[in-house]
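Work through the exercises below with the sequence and the model at hand. Each task is followed by its solution in steps.

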Amino acid sequence: MANVLLVDDEVPFVEAMSRRLKKRDISIVTSFSGPEALDVLEKDRSVEVAILDVKMPGMDGIETLGEIRKKFPLVEVIMLTGHATVETGIEGMKLGAFDYLMKPCDMDVLMGKLKEAVAKKRRHEEKIIEARVKEITTRRA
Amino acid sequence: MKQNKQKTDSYYHHLTRNMLLTIIIVSVLPTILISGIVLYQFQISYEEKVHAHLKELVLKNKNDIDNFLREKLDDIRFLGNTFSFEELSDEEFLQNRLKGLQQVYGRVFVDLGVVNSKGVQVAYAGPFRLERAVYTEANWFMKAMKRDYFKSDVFLGLRGLPHFIIAVRENWKGEKWILRATIDFVAFNNLVENLRIGETGFAFILNRKAEFQTKPFLDLIPAREPYMNFLRDPQEFKDGVRIVEQDDSFGHKIIYVAAVLKRGDWLLVCQQRTSDAFSDFGSTTKITLALILLGTIGIVATAFVLSKKMVARVAKADRETELMNDQIVETGKLASLGELAAGIAHEINNPVAIMVEEAGWLEDLLEELELKKGENLDEFERALKQIRTQGRRCKDITHKLLSFARKTDSRIQDVSINNLIEELIMLSEQRAKYSSVTIQADLKKNLPTVRVSESELQQVFLNLINNALDAMEKTGGNLTISTRMEEGNIIIGDHILIEVVDDGPGIPKANLTKIFDPFFTTKPVGKGTGLGLSICYGIIKKMGGSVEARSVIEGGTTFTVKVPLPKPKKENA
């Protein structure tokens, strides 16, 4: 259904969450830090949505989000926060996150957000493809 | 607590006393010193003035008496020198001379007599029958025979009346004879008696033996002793006058002023009671002392009132400082607890998330067909549901903890407190109905808006209302919310005061001091987190306001919230 990257420093959380997502037909890749997530994205271009924890040691979620938006603009990001604060939310949104959710989150809500994010990503890609096709056809003509 | 109060009371008591004493000493001591010095100087000047006045008076009278005596002596001398013994021995002639003298001086000259060397009065002119009187043994005669002239002391003599004699010694044919005149005592006495000073001052004349030569005022016979001293000590007379102050036999202090007459034979004495001479000074002193006394009473009264007022102010300032310190400690305590709570919340959130996810995973697995047939499927589902529910509860707690430390929506805007409270009452009415609680609003109209975060303020009042409803859940009751403006004090500026008053069971005194502490709750386990009021406290403190609780057991609880008004912006000049 969708290719998702799950990033969190809490290994048991990543394991439990990925099991549940896999069960819901989500193809999942995991990583446990920001730099690792960027590596994964570099290698696996099929990732459509990244679920990103805000609080991580070293490179935190907000920094990682910035890097992702810069290097992989087509990947949609859903932030996961230990506590929902307007500041973190606004900052995430400013940097181009698709949405943010609070831990522990309801699986149904997360699934809903994922679907929306994937849909948005796909629309985006289609638009880009359309634009490319248009460009090529005009060039040829 | 009681001991502490006693200690504070004794401190303020000491402070009042020290302040009172300092003010009194600083004000009264210089006043008394200055007044004393001035009074002393004034007394010295006044004494000099009184003495000078008495001295002048005595000298003037001395001159008058001396002149009187000299004049009379000159007249007799003139007679003696001008007329012979024979002429004057003629009694008719002598009578005429007396008449001539009496025409000039009135009754000052009582009589005239011519006495031969044997002491026999050969001729006499006067009212008494003293012709052929023999003075051979008379004291005056013996003295008069030895000198050119003689003035006797006052004596009774042959006539038995006080008088004194002026005698001139002349020669006739180798024989000494004497022309003598008697001076009327009354006329002479008048000279001295007229000298009156104040109420107690009078004058008199003494001879060498300290016998009175004039009649003392009102026949008062002063003790002799003092006057004797004057006579014994003639060197002490300066400018012919001597001033002495002594007690008389009645114990009165008397000023004596004396001057010598008749070459030291007589002494003119003027005496006056010191109290009389210094009566003006005495009354001035009394007025001054009365003024000093009044001034001192005034100073003491002012000092008393002033020190009481000052100490009351100090005590008030101390109480306010103490209150402020308590609030600072409370705020600090809550802030550190808030930080701790936020840290714990963060740490707890992750394990809870994992637990919830794992429970979710188990639920996912239970969906699989082979497990659905399991015997205990219902129990599994119930247990997992419980895990999820409790996980959510943990999430709620941590979220509340976090909002205690960091507010979720801190946008500052103009908020009408009355509107906010009306909305909250509407929201709570349904719940109040089930608890049989009547909510009443007593909102002062046209209150200014405050600049705060609306959601935070909402949280505060919702919390207070919910607490009140919880408290009255079983019993029912009344909940009154009132708003009004209140002027500022030292701790808080102008502010809006909101009171949330319930008539529920009240809060025990022991709990009243802890209700704003985080995690303090009296609600059953699982019902309250104990964070509501401490969150309210934090929010109101951040706004610069205050929240206090008063409670009476079985009488209800009143929460007083003060939200400061924005400070007026300075107008551009």
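**Exercise 1. Find how many residues of chain B are in contact with chain A, and which elements of chain B provide them.**

Solution. Start with the count: 20 residues of chain B are in contact with 15 residues of chain A. Two residues are in contact if their C-beta atoms, placed from the backbone, lie within 7 Å. This is a predicted model, in which local features need pLDDT of at least 70 and side-chain atom pairs count only at pLDDT 80 or more, while totals for chains, interfaces and linings use all residues. Residues are numbered from 1 along each chain as its sequence is written, and chains are lettered from A and ligands numbered from 1 in the order in which they are written.

Next, assign the elements. On the side of chain B that touches chain A, α8 (279-366) and α10 (377-405) of chain B are the elements that give two or more residues. Helices (H or I, at least four residues) and strands (E, at least two) are DSSP runs, numbered from the N terminus. The most comes from α8(B), with 13 residues.

Last, sort by class. This side of chain B has seven nonpolar, seven polar and six charged residues. Ala, Val, Leu, Ile, Met, Phe, Trp, Tyr, Cys and Pro count as nonpolar, Asp, Glu, Lys and Arg as charged, and the others, Gly among them, as polar.

**Exercise 2. Trace the elements of chain A and give the strand order of its open sheet.**

Solution. Chain A has five helices and five strands, which run β-α-β-α-β-α-β-α-β-α from the N terminus. The five strands of the open sheet have the order β2-β1-β3-β4-β5, with parallel pairing. Two strands pair if DSSP finds at least two bridges between them.

Now look at the edges. β2 (26-31) and β5 (99-102) of chain A each have a single partner strand, so one side of each lacks a neighbour in the sheet. On average, and ignoring direction, neighbouring strands are turned by 25° against each other. Angles run from 0 to 180 degrees between N-to-C directions, and axes are lines fitted to C-alpha atoms, for helices over the stretch in contact.

For one pair in detail, take β1 (residues 2-7) and β3 (residues 49-53) of chain A, which are parallel over four bridges. Here A:V7 has A:L52 in β3(A) as its bridge partner.

Helix α5 (residues 107-140) of chain A touches β1, β3, β4 (76-81) and β5, and its direction makes about 155° with that of β4(A).

**Exercise 3. Describe how α12 and α14 of chain B pack.**

Solution. First, the geometry: α12 (residues 454-471) and α14 (residues 532-542) of chain B pack at about 145°, with axes 9 Å apart. The contact residues include B:V460 and B:L464 of α12(B), and B:I535 and B:I539 of α14(B). By class, this contact has seven nonpolar, four polar and one charged residues.

Second, burial: B:V460 and B:L464 are among the buried residues of α12(B).

**Exercise 4. Identify the partners of B:T480 in the neighbouring strands.**

Solution. β12 (residues 437-443) and β14 (residues 477-486) of chain B are parallel over seven bridges, and B:Q440 stands opposite B:T480. Eight bridges join β14(B) to β15 (residues 495-502) of chain B in the antiparallel sense. There, the bridge partner of B:T480 is B:V501.

Methods:
A residue is buried if 20 or more other C-beta atoms lie within 10 Å of its own, exposed if 12 or fewer, and partly exposed in between; C-beta atoms are placed from the backbone.
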